[in-house]
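This report examines one protein structure. Please keep the sequence and the three-dimensional view at hand while reading.

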Amino acid sequence: MSIAEVFGYDTQKVVDKITGKLSAWIDLLIENLPNAVLAIILLTLAIFIAKSVKKLSARYIHKLGTNETISRFLSQLIFIGILVLGVMLALSAMDLSKTVSSILAGLGIIGLALGFAFQDTAANFISGVYITFNQPYKIGDIIHTHDGHEGAVIDINLRVTKIRTYNGPIVYVPNRYLFQECFTNLNEIGKRRVQIECGISYGEDLEHVEKIALESARNVSSRLESEEPSLFWTGFGDSSINFTLNIWCRFNERNLDFIPVRNEAIISLKKAFDANDIMIPFPIRTLDFGIKGGTQLNKELTGLSQSSQNGSNTENES
């Protein structure tokens, strides 16, 4: 007696049932084999066409005057669209229309769940799309972020913007911060003002100092000649009268004259002050020794000496 018969099963019926199922599956496979081959061919063609169209679209969209970031983004969308179309055609070729509807419904639910789970990523993506098309800055621009990072934009993708700082390191800034927070684009107008802060002694003639400082600024060879230098007195310091010397320079992705102009302006200003005996004072501190204030050290010591002598004379007389 077999094990199946011990448990009350008819062995022959079990074998027939399994054989029938396998035969049905084999028949279904043979029946759908042409559709499966057609689906594979359609999917392969879709992948090939999507890759080819992606390369061609990126090249021709860029030739139309669109920047590299936008052309890359549009070509990627075209690639995904053709690929999705190919998958839908392949599923339809296998008579899986209901499956397609179920997949779309499932993708909708999954997309909603992922939207809540990855809100920051979604925000970066939407911000990247806005930055790509609106172009508040582009590759090569010098920007200053809200967090204090400053440098040249070397790449813009749908998640982050890469900035190469002046010292060399690359900073990855999430796009949502550049979309939601303020930032400064230093290249947009093509020029920048360099400010030199300095101070001169209280004994100097301010009008003479202003004339000499402006002449030294005009001698800076790398400045922007279409903009005249200017000088503004900023206030009275502890040991100097302070001013700011303003010089304009060219500023774009090919010509960053900011640092050379500042270096040349400082050297020129120092030479002009030395040639005209204009003093840039060191910090000065006045020590007050009187109880009420205004008493110098020598007068205080003289007063103490006289008091000591008067005391000695009084003791001698007594």
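The sections below cover the model, its sheet, its core, its surface patch and its salt bridges.

## About the model

The structure is a predicted model, in which local features need pLDDT of at least 70, side-chain atom pairs count only at pLDDT 80 or more, and totals for chains, interfaces and linings use all residues. Residues are numbered from 1 along each chain as its sequence is written, and side-chain values use heavy atoms, with hydrogens and water left out.

Helices (DSSP runs of H or I, at least four residues) and strands (DSSP runs of E, at least two) are numbered from the N terminus.

## The open sheet

An open sheet is built from 5 strands in the order β4-β3-β2-β1-β5, with antiparallel pairing. Two strands count as paired if DSSP finds at least two bridges between them. The antiparallel pairing of β1 with β5 rests on 2 bridges, and I143 has N185 in β5 as its bridge partner.

N185 also takes part in a side-chain interaction: its side chain makes a polar contact with that of D141, at 3.3 Å. Such a contact is a pair of N or O atoms within 3.5 Å; within protein, one must be able to donate a hydrogen and the other to accept it, and residues adjacent in sequence count only if both atoms are side-chain atoms. D141 belongs to the loop between α5 (119–134) and β1 (142–144). Is D141 buried or exposed? Its relative accessible area is 4%, so D141 is buried. The terms are defined with a 1.4 Å probe and protein chains only: buried means under 20% relative accessible area, exposed over 50%, and partly exposed in between.

## The nonpolar core

A nonpolar core is a set of buried Ala, Val, Leu, Ile, Met, Phe, Trp, Tyr and Cys residues joined through side-chain atoms within 4.5 Å. The largest such core comprises 27 residues, and those with the most contacts inside it are I200, F243, L245, I247, L269 and F273. Two or more residues each come from β6 (191–200), α7 (206–218), β8 (241–250) and α8 (258–275). Helix α8 provides the largest share, 6 residues.

## A nonpolar surface patch

On the surface, L33, V37, I41, L45, F48 and I49 form a nonpolar patch with about 560 Å² of accessible area together. Patches consist of residues with over 30% relative accessible area and no salt bridge; like charges are joined within 9 Å, and nonpolar side chains (Val, Leu, Ile, Met, Phe, Trp, Tyr) within 5 Å. Accessible areas come from the Shrake-Rupley method with a 1.4 Å probe; for residues, only the protein chains shown count as cover.

One of these residues, I41, lies in helix α2 (residues 11–63). I41 is partly exposed because its relative accessibility is 44%.

## Salt bridges

The whole structure contains 6 salt bridges, each defined as a side-chain nitrogen of Lys or Arg within 4 Å of a carboxyl oxygen of Asp or Glu. In one of them, the closest N and O atoms of E227 and K191 are 2.6 Å apart. This pair links distant parts of the chain, 36 residues apart: E227 is in the loop between α7 and β7 (230–236), and K191 is in strand β6. E227 is partly exposed at 24%, as is K191 at 26%.

Another salt bridge joins the side chains of K270 and D274, with an N to O distance of 2.7 Å. Both residues lie in helix α8, 4 residues apart, about one turn of the helix. K270 is partly exposed, with a relative accessible area of 43%, and D274 is partly exposed at 44%.
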